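Have the structure open while you read.

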Amino acid sequence: MTTASTRRMPPRKSVQTVIYHAAMLLIAGIFLLPFYWMTISAFKNNAEIFARPVTWFPDPIRWSNIAELFNRDDFPFLIQFGNSVFYAGSVALAVCFSCSLAAYSFGCLRWRWRDLVFGLTVCALLLPGIVTFLPVYLGWSRLGLNGTYWPLITPFLFGDAFFIFMLRQFYMGVPRELLDAARLDGASEFRIWWQIALPQVWTALVIVGLFAVVYTWNEFFSPLIYLQDREDFPLSVGLFTFQANRAREWSISMAGALFAALPMVVLFLLTQRLFRQGLASSSLK
Amino acid sequence: MAILAKENTAGASSPPRRLGLAGRGEARAGFLFALPWMVGLTIFTIIPLLLTFYIAQTKFQIVGAPKYVGLANYAAMWIDPAMWTSARNTMFFAVVSVPIKLVIALGLALLLNRVTALSGFYRTVFYLPFLMPAVAGSIVFMLLLTPDAGPVNIALKALGFSPPDWLLDPKAALWTIILLSLWPLGVETLVFLGGLQNIPKDVSEAADLDSPRGWHKLVWITIPLISPMILFNLVIGIIYSFQVFTQALVVGGTTGKPAEATLMYMVVLYRAAFRYFNVGYAAAMATVLFVGVLLLTLLIFRTARSWVHYEGDSR
Amino acid sequence: MSIMTYATPKALSRRSFLQSSAAAGAALAMPGAAWSQAEGQLLLWLPGGSDLFCKIHTGLLDSFSTKAGLGAASTVCGLGQDTEFTQALIGSITAGNPPDISMLWDSPVSLGAQGAFMPLDEMMKGSQIPIETWPAGLLSSCQFKGATYGLPVTAGVYSMWYNEELFEAKGIPSDRASFPKTWAELRKLSKEFTEWDGDTLKVAGFMPNRVSETMAIWSALNGGMLFDEANLKYVLDSEQNIEMMNFFVDWFEEEYKGDVNLIDRSGNFRDGYADGNTGMGPAFREGRQAGMQSGSWLMGDIYADPVPVFTRWNLAPNPYGPSGTASVSGTWPNWFVIPVGSKNAQAAFDYLSFLAVEGSVEWYQQIPDVPTNSQVKLKAPTGLVENRGQEFADDLSTFLGAQAAIVTPMWNSPVQSFGNDQVARAIEKIYTKAQPVKEALAEAQAASQAELERVLAG
């Protein structure tokens, strides 16, 4: 909408533009500083990280830190990376499947207790996770499934309030006439969902998947509690235990943090447009 | 499916009844499509919620069986100084960090709301911190804010400030965690930006911030128009702030170093359950958190009527 | 035989998840046993510790398993040294899938009293390590209501460390016999060294104690205690303890400007290790601190990075306080427990017998955690012999042996972690002047006693 004002920008505004960009670049610099510091620290040794005066660029660049990160016995980084990929991927797939069913039901179908159940879903969305956590944890313990990924993934096979909520927004945009027309043609409800509704929201499904990947990648509390083995940890917990036990080895911690953040950053850069679309939909009313 | 198909064919013969029958098929399908979720909701939310209320009234040391003790856990909470400290810290954290975060996010969104060659770049930069795993973000901040050798303090000293010891100073530590939580504000910013960009063109042109009356317009036009988003972010933000855990644990451990300055409610709860094996107490704390969040949410939604503008309100 | 593996032999849960995903429907009903430890293979868990620590234990378990004809044994190292370790262990126990043996760095009493660990008394009878071969004071850290829930196989012994070269530079006699015998002497001596440059602490003498784990030793040195085991009562705010903290605070005000922030900004004067949060090296090893209290494990690590800038350090007994009469020492044991649900309890116990008598000798040679079983014949640590010569090493071994004999009971509360956290909280409040001594101790006392009574209430 500001295109209009840009077009009729008088000359004196060019000073303002310069000020604007200077301010924005400064703010952007502040936001990027932690990333920058993390990155250069990953390529320094400990003494260089704490050296005075501050060195703003590693010299020499210690590539060996990265090799060390991938080969440490007490920080199985690559295995934990694999775990994170597995965990985030499974949750994303589970969520895409289960939530698209429920969200379709809430967004496109009319049935008796729909509003009640959806109301409960919204309540569940606002419910602090810890309130239900302990009994669920004890339940999984009794089943002997602690220390596995079952407790971390299974719940998502049934759905997740947030993603149902988000997907429903998209399903609500599917024209009802389209579905009714299919009904008139005698299509089964399952086919209507599979062949008509679903193709309408496939972008949304990708968005939900992306969000699920990011949330799961960063998830800390549940894996911390359910998993006991370092070889099983996702990166979030692995990085925490490494930092807590080897607090002095900052360069390795930073290299770990760098490689934990990198996949998400790359994913985001590749799919920015979808992310923004998802954000817009999740918040509108 | 066969039944559904039959009903559909049967309905086709008489138009008036057709809708009703198709509706019944639709209703059944609606129920079936939502069934897995309803099962999940029952198993993973509703039943555990009730069990939490029950466990809160027992002495339960993880190993062994729970034993009913009535309200003893709540009584213990009442006299537990660590619980009060953590509740105070958490409330302070939520009340201070969420509004500051929303204000900054709104400011950034207003700044971003113009088309320039670098818009995409800025947007990306502001969003990136959100993608940083909280654990990684926290340890990066610990390094950045190292009192003597950290770049932040060195820069501040060079500029003539006398910076605090951040995470090592009991007086500054909680503020440091607030600072840490402000960094990933990309979601809020982009949500606001989306809202600003949805404002009809005629309205937004009138509210051009470059004009002297811009701020007036901001307060009377722009903010009301995106008030649903502010509400959304406020509710979610506060609920999540009450559950702040990861940063607090990474930075302060289970004792809220230094001097309980970073001790958060969730950390005390975690420590009760998994360090002192007092699951009953942890459940009581969870119940209190539940009630607190519930009341707060109701309060926000109640008062929201007076300050949130929905486009459909006139109807 | 695996040399060193960080992986567990139980199928990795991620992999097993994938495998069993094939049978997704039935999977939820699948018994936990699918993931559990196979019989005849010992699985050992260790909390934190250096790589060396892990290698020693992996080697010991492997050599035992080979001798005993067991299958591939495995050791899981570095699972975390704080709450995350106990939480993981308790998680595996409640899931019925625990390791066969686990080392603990926190007293086994609290979890043992709740039925998480097997009582070892039956197995100890008639074994190689009967109950009378253990020092009673140490074993009490594993005992609750007559049952023994773990073994303190080795222990780091706390004593005073000092820099002989700094002493001599000031013309102060540096032999052990001349080392201060009382707190008052220590405080007087400390002043000789302490040097401030504005608000920066350049060199320090000795510091009043700020560590919660060792507070029991300092309390005993002043004739007091933190937890009265015989009467199952906490006594944190006893007269001796108030006197102790007042002594510390007074000393702290006089010599260290009463500001912990100034000290912590100036360097790491807390212990002999580099500070992870600030990157600051240990002041003692940098030659900036005359002495400190530390555990004997530092003897193994002192020549690691960062190496000390001086060569001649020595150990001396802990001085005693105004209400104390004699020196005592304290320990931080390495406890071993056999969790309930262990698939190879007997083999695990046999390993403990081996470790307590033979294995701990090898362990001590590399990392000087002092073996506690009375049947052990010690040989001086190899690293120490290399760096300081046979005579010094033998002398220290004798000294540590003597110190181990005057260990005060500690780590013996059924709510050990809770009590320790309360003490830590009181210490922080006192040193940051958030609360006066008496009030802070009384608050810690009330909370600890209440928790103790709650747990004991059955």
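1. Domain bounds here come from an automatic or database domain assignment. With those bounds, chain A splits into domain 1 (10–68) and domain 2 (74–283), and the C-alpha centres of the two lie 33 Å apart.

2. Quick caveats: this is a predicted model, where local features need pLDDT of at least 70, side-chain atom pairs count only at pLDDT 80 or more, and totals for chains, interfaces and linings use all residues. Residues are numbered from 1 along each chain as its sequence is written, while chains are lettered from A and ligands numbered from 1 in the order in which they are written.

3. What does the chain A contact take from each domain? Domain 1 of chain A puts in 11 residues and domain 2 of chain A puts in 9, with contact meaning C-beta atoms, placed from the backbone, within 7 Å. On the domain 1 side, α2 (13–42), α3 (46–49) and α4 (64–71) of chain A each supply at least two residues, and α2(A) gives the most, with 4. Helices are DSSP runs of H or I, at least four residues, and strands are runs of E, at least two, numbered from the N terminus.

4. Now chain C, which is divided into domain 1 (37–156 + 331–405) and domain 2 (158–330 + 410–456). Their centres, over C-alpha atoms, are 27 Å apart. The contact involves 25 residues of domain 1 of chain C and 22 of domain 2 of chain C.

5. On the domain 1 side of that chain C contact, α5 (109–113), β13 (330–337), α15 (382–388) and α16 (390–405) each supply at least two residues. Here α16(C) gives the most, with 4 residues.

Technical notes:
Contact = placed C-beta atoms within 7 Å.
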